[in-house]
Amino acid sequence: MSSGPPTDASNAWNVEEERFLYVPPRDLQGPDGPLLSKDESHHALRVWRLRKGDRVRGIDGEGNEFLVVIGESLGRRVQLQIEDSRPSSREFPWDISLGMPLLHRSSRLDWILEKATELGVRKIQPIVTQRTTVIPVEERLPKRLERWERVIISAMKQSGRAWRPRLEPPSDLESLLSRCGDRRIVWAVPSGERLPSGETLRHDGNGTFLALVGPEGGWEEEEEEQLRGVPGWAVSLGPHRLRSETAVVNLLSLLQDRLLAT
């Protein structure tokens, strides 16, 4: 995907190590060459104070990293020169999706999206359960999804993750479970057991998992019956009542720790 000569400097990729620009595939091709979006251009020029000729790293959301040079401004967009590109080697090796609750406070929901992105989740599915009290109005959903996507992209850039998690529109639990296929469910519930060993997870999980955290107030009995009817594990996260966002981070971290254990 490189559009410029690869650099021979062994340390070239160490430039601006903590800064990443989001350059999705649609912005890499065009009559004027690679261009940053208006938002990314503003961030590069006004927030980071980058100037023509400065080097920084880019990510495309599809697993690729770029070594880019800031170019001329074309209106409100900035041209880029792609000096080199490479597949990211930092993605978590297992395919983990997250079924997350819809919460009253948007800041708490944003926090879940941010942390799930940083923790390597590949797909994020908001779920509507019997105790869900906040359901986006259909006509307002597109704007809500756009806002959530911005949170995800910001978290990608902050963490340097080259893969962009896929965000799905809200779905009820039954529909979600019907689409799981071979994916193993790992769901949090106070009455659950300890998460199995990494060896068991790797053997029985087919490399794909769906981590599920219920709404404020927990699962209804009928929903627990549905969940116990699909392949997977009911997991306890300890003796204390956790906020939903705390449970999400706890469950994802526990699952990753088990999978990575020898």
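UniProt positions are given in the numbering used here, and its annotations may be inferred rather than shown by experiment. The model on screen is predicted.

**Stop 1: the annotated stretch**

Select residues 36–82. The unreviewed UniProt entry lists them as "domain: Ribosomal RNA small subunit methyltransferase E PUA-like". Colour this stretch by secondary structure: 21% is helix and 47% is strand. Now pick the C-alpha atoms at its two ends. They are 12 Å apart.

**Stop 2: the sheet**

Strands of a sheet pair through backbone hydrogen bonds, either parallel or antiparallel.

Zoom in on strand 3 (residues 64–74) and strand 4. They pair in the antiparallel sense over nine bridges. Select F66 here; opposite F66, in strand 4, stands S85.

**Stop 3: helices across the sheet**

**Stop 4: a helix pair**

Move to helix 3 (residues 106–118) and helix 8 (residues 244–260). Two packed helices are described by the angle between their axes and the distance between the axes. For helix 3 and helix 8, the angle is about 10° and the axes are 9 Å apart. Angles under 35 degrees count as roughly parallel, so helix 3 and helix 8 are roughly parallel to each other.

Show side chains at the contact. Helix 3 contributes R108, W111, I112, K115 and A116. Helix 8 contributes S244, E245, V248, V249 and L252. By type, the contact residues of this pair divide into six nonpolar, one polar and three charged.

**Stop 5: Q256**

Stay on helix 8 and select Q256, which lies in this helix. Is Q256 buried or exposed? Its relative accessibility is 14%. Buried means under 20%, so Q256 counts as buried.

What is Q256 in contact with, leaving aside its neighbours within four places in sequence? Display F92, I96, L119 and G120: Q256 is in contact with these residues.

Finish with a distance. Pick the C-alpha atoms of Q256 and R164. These residues are 92 residues apart in sequence and 18 Å apart in space.

Conventions:
Residues numbered from 1 in each chain as written. Predicted model: local features only at pLDDT ≥ 70, side-chain atom pairs only at ≥ 80, totals over all residues. Heavy atoms only, no water. Axes fitted to C-alpha atoms, helices over the stretch in contact; angles between N-to-C directions. Helix = DSSP H or I, 4+ residues; strand = E, 2+ residues; numbered from the N terminus. Parallel < 35°, antiparallel > 145°, perpendicular 65-115°, else oblique. Contact = heavy atoms within 4.5 Å. Nonpolar A, V, L, I, M, F, W, Y, C, P; charged D, E, K, R; others polar. Buried < 20%, exposed > 50% of the residue type's maximum accessible area, 1.4 Å probe, protein only. Pairing = 2+ DSSP bridges.
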